[in-house]
Amino acid sequence: MKLIRKNTYDRLNEMVDRAIDGTYQENDYDESELSRLEVKWMRYLNSAALSHRKMEEERSTLKGLIADISHQTRTPLANMKLYSELLQEQKLDETSRNLAEKICEQSQRLEFLIEALVKMSRLEMETVQVNPVRHRMSELMECATELAEGKAFQKRICIEREPFADGIVYYDEKWTAEAVGNLLDNAIKYSPENAKIILRAQPLETFFCFSVTDFGIGIDEKEQAQIFHRFYRSPRVQQKDGIGLGLYLARKIITLEGGFIKVSSRKEKGSTFCVYLPREKR
């Protein structure tokens with residue numbers, strides 16, 4: 001009896017192994033005790049293969065659609081911005097000038113929205129290659145400072161970098177700059193003028209923690225689990241520019257790199273976003 005069970009187990013185990021490597025054939029097994037299971041197993045594999053093909057076809061179609069949208073809207077948006085800028089250079093009355101400025105602002109907002117949606121879709125479908133490579137943490141710190149300087153200067157915000165022990169960290173330079181830039185944009189946007197933002201880095205056992213601390217409006221505790229959701233915006237910031245994709249994109253990018261993001265915040269006291277990046281290739 002034990003021998004029969006062992007033989008059955010071995011056959012089933014072999015069926016699963018062959019299914020995994022794609023070499024399973026129904027006629028490989030003609031044991032009567034396994035015939036019913038064999039037929040069901042083959043039906044399942046065929047169904048799974050069909051679902052996978054449909055998913056890949058849909059992904060390919062959506063990828064093409066996103067590329068078309070991005071391409072087809074680029075020229076009209078560029079023209080709208082150009083015409084609105086030309087209008088503002090004309091001798092206009094105050095009402096007409098205000099309208100021209102509004103057109104320019106809204107065209108820029110639309111361009112930003114389309115770019116953000118395209119990035120989100122590409123990341124979700126994993127049609128972009130996030131390729132973490134070896135860097136020093138000091139390089140990311142320099143990048144973060146450069147990304148923040150322009151907007152920080154406009155609000156007279158001071159960017160402080162605390163000393164840290166440098167070390168090796170793995171990240172994709174382009175996409176990590178996107179993620180960190182989103183965190184810094186929020187820190188500047190939700191901080192008052194003449195405030196400061198602190199950048200820190202700390203080596204841990206398997207990760208390197210890079211953090212952005214601001215002393216702005218903070219995040220209510222009940223909202224902290226929602227801020228990384230797509231299009232979520234707190235009722236407190238509805239009047240400020242933004243579409244609610246920055247933090248979502250940041251977390252998606254860092255996750256694809258093998259890291260994660262944490263937030264700690266107190267309402268009206270400021271926020272700290274910690275980005276944990278791996279210290280070894282994953």
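**Note on a predicted model: core, aromatic cluster and surface patch**

1. Start with Phe-228. Phe-228 is buried, at a relative accessible area of 6%. Here buried means under 20% relative accessible area, exposed means over 50%, and partly exposed is in between (1.4 Å probe, protein chains only). Phe-228 sits in the loop between E5 and H6. Helices (H or I, at least four residues) and strands (E, at least two) are DSSP runs, numbered from the N terminus.

2. A word on the source. This is a predicted model, in which local features need pLDDT of at least 70, side-chain atom pairs count only at pLDDT 80 or more, and totals for chains, interfaces and linings use all residues. Residues are numbered from 1 along each chain as its sequence is written, and side-chain values use heavy atoms, with hydrogens and water left out.

3. What does Phe-228 touch, leaving aside neighbours within four places in sequence? Its contacts (heavy atoms within 4.5 Å) are Leu-247, Tyr-248, Arg-251, Ile-261, Val-263 and Phe-273. Take Ile-261: it lies 33 residues from Phe-228 along the chain, and their C-alpha atoms are 9.7 Å apart.

4. Now the overall layout. The protein chain has six helices and seven strands. Read along the sequence, the pattern is α-α-α-β-α-β-β-α-β-β-α-β-β. The chain has 282 residues, and 35% of them are buried. Among contacts with a separation of 6 or more, 68% join residues 24 or more positions apart.

5. The largest nonpolar core has 42 residues. Such a core is a set of buried Ala, Val, Leu, Ile, Met, Phe, Trp, Tyr and Cys residues joined through side-chain atoms within 4.5 Å. Leu-199, Phe-210 and Phe-273 touch the most other members. At least two residues each come from helix H3 (94–124), helix H4 (137–154), strand E3 (168–171), helix H5 (173–189), strand E4 (196–203), E5, helix H6 (246–256) and E7. H5 gives the largest share, seven residues.

6. Not counting residues up to four places away in sequence, Phe-273 touches Leu-183, Phe-210, Ser-211, Val-212, Ile-219, Ile-227, Phe-228, Leu-247, Ile-261, Lys-262 and Val-263. Ser-211 belongs to strand E5. At 6% relative accessibility, Ser-211 is buried. With neighbours within four places set aside, Ser-211 is in contact with Ile-198, Leu-199, Arg-200, Thr-272, Phe-273 and Cys-274.

7. Helix H6 deserves a look too. Its buried residues are Leu-247, Tyr-248, Leu-249, Ala-250, Ile-253 and Ile-254. They pack against H3, H5, E6 and E7. Just after H6, Gly-258 takes a positive phi of about 90°.

8. How many aromatic pairs does a search of the whole structure find? The count is three. Rings of Phe, Tyr and Trp (its six-membered ring) pair if their centres lie within 6.5 Å; planes under 30 degrees apart count as stacked, over 60 as edge-to-face and the rest as tilted. Phe-207 and Phe-260 are edge-to-face, because their ring centres are 5.2 Å apart and their planes stand at 80°. This pair links distant parts of the chain: Phe-207 is in strand E5 (residues 207–214), Phe-260 is in strand E6 (residues 260–266), and they are 53 residues apart.

9. Buried or partly exposed? Phe-207 is buried, with a relative accessible area of 14%. Phe-260 is partly exposed, at 29%. Phe-260 also pairs with Tyr-276: the ring centres are 4.5 Å apart and the planes at 10°, so this pair is stacked. Phe-260 lies in strand E6 and Tyr-276 in strand E7 (residues 270–278), so the pair ties together parts that are 16 residues apart in sequence. Tyr-276 counts as buried, at 15% relative accessibility. Phe-207, Phe-260 and Tyr-276 form one aromatic cluster.

10. Last, the surface. The chain exposes about 17,900 Å², and carbon and sulfur atoms supply 51% of it. Accessible areas come from the Shrake-Rupley method with a 1.4 Å probe; for residues, only the protein chains shown count as cover. Leu-82, Tyr-83 and Leu-86 make a nonpolar surface patch of about 300 Å². Patches are made of residues with over 30% relative accessible area and no salt bridge; like charges are joined within 9 Å, nonpolar side chains (Val, Leu, Ile, Met, Phe, Trp, Tyr) within 5 Å. A salt bridge is a side-chain nitrogen of Lys or Arg within 4 Å of a carboxyl oxygen of Asp or Glu. Leu-82 lies in helix H2 (residues 35–88). Leu-82 is partly exposed, with a relative accessible area of 41%.
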